[in-house]
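Here are some notes to go with your first look at this model. Have it open beside you as you read.

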Amino acid sequence: MIWGIFKRDMCHATRNVIAVIVSMGLVVVPALYAWFNIAASWDPYGNTKALKVAVANNDKGYKSDLIPVRVNVGETIISTLHANDQLDWQFVKSDKAIDGVKSGEYYAAIVIPKGFSADMMTLFSPDIKHAQLKYYLNEKINPIAPHITDQGATTVVNTIDKTFAKTIAQVGLDLASSILHYSQSPQMAEYMRNLNGNLTTMADTLSGASQQVTSYSQLLGSANDIVDSTGKLLASATKAGKQAQNALKQGKSGATSLTSAGANVTSSVNTALDQVSGAFDQVAAKVNKAFDAIGKDSDTAASQLATLSEQVSSGESLYDTYITSLNHMRESVEQLPDSDSAKQALLEAIDREITLLEAAKGDSQKLAQQLKDASTQVTQDTAAAERSRKEILNRITSAKQSISNVRDDYATNVKPKIDALASTVSTLISQTDSMITQLSGTADDLDDVTGDVGTNVTSIRSTLGAIAKKLDSSAATVKELITKLETGGNAGDGNSDGDDGDNDASSSDSGESDELRALATANASTLSTLISAPVALHRVSVYPIANYGSAMAPFYTILSIWVGAIILCAMLKVTISDREKAHVLGLGDTLPRIAGPSGPGNASRWGLRLYHEYFGRYAIFALLALLQGTLVCLGDTYFLGVQANHALQFLAVGWLAALVFSNIVYTLTVSFGDIGKAVAVVLLVMQVAGSGGTFPIETLPKFFQMLYPFLPFPHAIDAMHAAMAGSYGNEYLLDMVYLALFLIPSLLLGLVLRKPVIRLNNWVSRNLESTKVM
């Protein structure tokens, strides 16, 4: 009976051309639905560079007294984004950027505020501010674009953080390296020897003073008439201490002047040399441009060369400014005492710097003259012009080398000596001033005591004993300082004397010095990069998917198979007419009247049971559904190139899904008519939202998470994923079994529970037809 119904259905479906075309359309339409969606989402994140994001830089930069170099983080961001192709960066003014976001011209905008650099540099101050970028986002244009632009903005912020941390770390490492190199220089060794000698003399003086105070205390016991002389002596000592403090204040003023002069010259060096070096680069470019135009327009080339000559001549004032600053600094150094060993070395370094600067100025003057001469030659002799071109370029290279020599000599010889000298003088003055203040206080105490010595000699002697202890303690402190300085100096020399290995403290300091030397001699760039980004993410793909289109293919493929099942039930009849039943039974064109009203099961007395009608008509549905599943899966694999590591398993999922989905929709339609079709559409909508095909099921509302296991879509999609990228254990087989289990309730409804609803379905159909609309 089932075979007879299927054969007649196939004959009717292929009876004419229109029937064949419609049948083919029923197979092809679901595949087209899947292919269009998969192709459209093949690589959406690979085209993000077409998304326009505006960037506006209002940063004014920052320059501090600590770092006399102007810092502009905003310009660094712009330079970085020019090399970034993650998005289509548009560099505009802030007003246009914000207006473009509002109008939809830009998806987002990043505005760098005026005080961005200043806020970042508050890292070195007690009042730290959090630097902020202003990020404007148009969220109504597209639901996905905001997330993509957010990622781009996050990338910018991470780049700024890493670059800033790397720069600070590199500066610190370079500073440590410079300090280590200077500490090993002959000048530093000579200074340490002089300092040790002065401290030794000071310690001996303090010890002698302690002995004198002790002796004086003893003399008080036998001779009270010495008190008057002692008072005068103390007054003289106090006066001498005040005079020494005044002298120290003058020395401290000189040290401050020297530090200030060094800072001013450093600022002049950086500004002047950077301007001159940059100007030479521009002159070189313009010289090439002018000589290239000789063959086309010699007059224009001559005019350009003449203009360049004037520009180079006008730049000589920068050399004069630098020389003036060096002369001011030289005057400050000359105010230091002649006994200072570092004074003469610093003066020689400054004189050598002035000589190099005069030589660089001379190169600039010669370059200006050559440019002027070349401006008159370009219109006369092409060969001579080419020679002039080479000479000018060589002169520019020589001038830039002179500038480089000036900068290197200043950084290597002058600047370290200035800083070291200023620091040494200031430290020594502060230590000496503190000691004189202490001695002056002691003298005041003695003066107070001697005023009443006649009445309390015992108290005076007690006070003198305390003073003697303080002097001894001060002497011991100075000697301990001498020992530490000697130990540190020997450790820094690498135990060159050969006898420091017997001292544990020396060995410890040597180890610390070795660690500092290892840190300072390491690659500063590598270490700073490690400090700025100590953790690197190594991404390991488990069950990798080739592209986004392949990742979305299971969802759209399974969805299209369900849509195909709905289309079949919308285009094909699910019930068998009495005429067809009669032909299958061999009773002619009509059933006998005793069959009763037309409907399911009315031919059962002649052997055509209800399940015969169910499976007989479902056979053509199953055939077309299998063709739909086969076409869409083969098209995914061989037409679109969707990843399928196990192609046969991939095709098997399509076949099983086609049978399960077509049976569910067919059963609903057979059992409930048009209402069943509506239920099939509702199930489709529910599964699109709750299948986990696009977003993880854990991100969906609780209702969908509870509904998830009872829907066929998730199991079909998971089985297709396993076929595409690989299966963990029996994952693929389990998902196929879960999917096949949905046939049980469908067949139960179609074969067993269908009988009680036949009359209900007939009653609903009659009432719908009575409306003359439905």
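1. Aromatic pairs first: there are 10 of them, counting rings of Phe, Tyr and Trp (its six-membered ring) whose centres lie within 6.5 Å, with planes under 30 degrees apart called stacked, over 60 edge-to-face and the rest tilted. One to look up is Phe621 with Tyr666, a tilted pair at 5.0 Å centre to centre and 50° between the planes. Phe621 sits in helix α18 (residues 610-639) and Tyr666 in helix α19 (residues 647-672), so their pairing ties together parts 45 residues apart in sequence.

2. A word on the ground rules. This is a predicted model, where local features need pLDDT of at least 70 and side-chain atom pairs count only at pLDDT 80 or more, while totals for chains, interfaces and linings use all residues. Residues are numbered from 1 along each chain as its sequence is written, and side-chain values use heavy atoms, with hydrogens and water left out.

3. Now the whole chain. It has 25 helices and four strands, which are DSSP runs numbered from the N terminus (helices H or I, at least four residues; strands E, at least two). Of the 774 residues, 39% are buried. Taking contacts (heavy atoms within 4.5 Å) between residues at least 6 apart in sequence, 76% join residues at least 24 apart.

4. Which residues have the most contacts inside the largest nonpolar core? They are Ile558, Trp562, Phe621, Phe661 and Tyr666, in a core of 62 residues; such a core is a set of buried Ala, Val, Leu, Ile, Met, Phe, Trp, Tyr and Cys residues joined through side-chain atoms within 4.5 Å. Helices supplying at least two residues each include α1 (2-13), α2 (17-40), α16, α18 and α19. A second, separate core has 17 residues, among them Met329, Ile354, Ala360 and Val406.

5. Leaving out residues up to four places away in sequence, Phe661 touches Ile558, Ile561, Trp562, Ala565, Pro712, Phe713, Ala716 and Leu739.

6. Last stop, Ser560, in helix α16 (residues 548-571). Is Ser560 buried or exposed? Ser560 counts as buried because its relative accessibility is 0%. Beyond its neighbours within four places in sequence, Ser560 is in contact with Pro30, Tyr33, Ala34 and Val632.

Notes. Buried means under 20% relative accessible area, exposed over 50%, partly exposed in between (1.4 Å probe, protein chains only).
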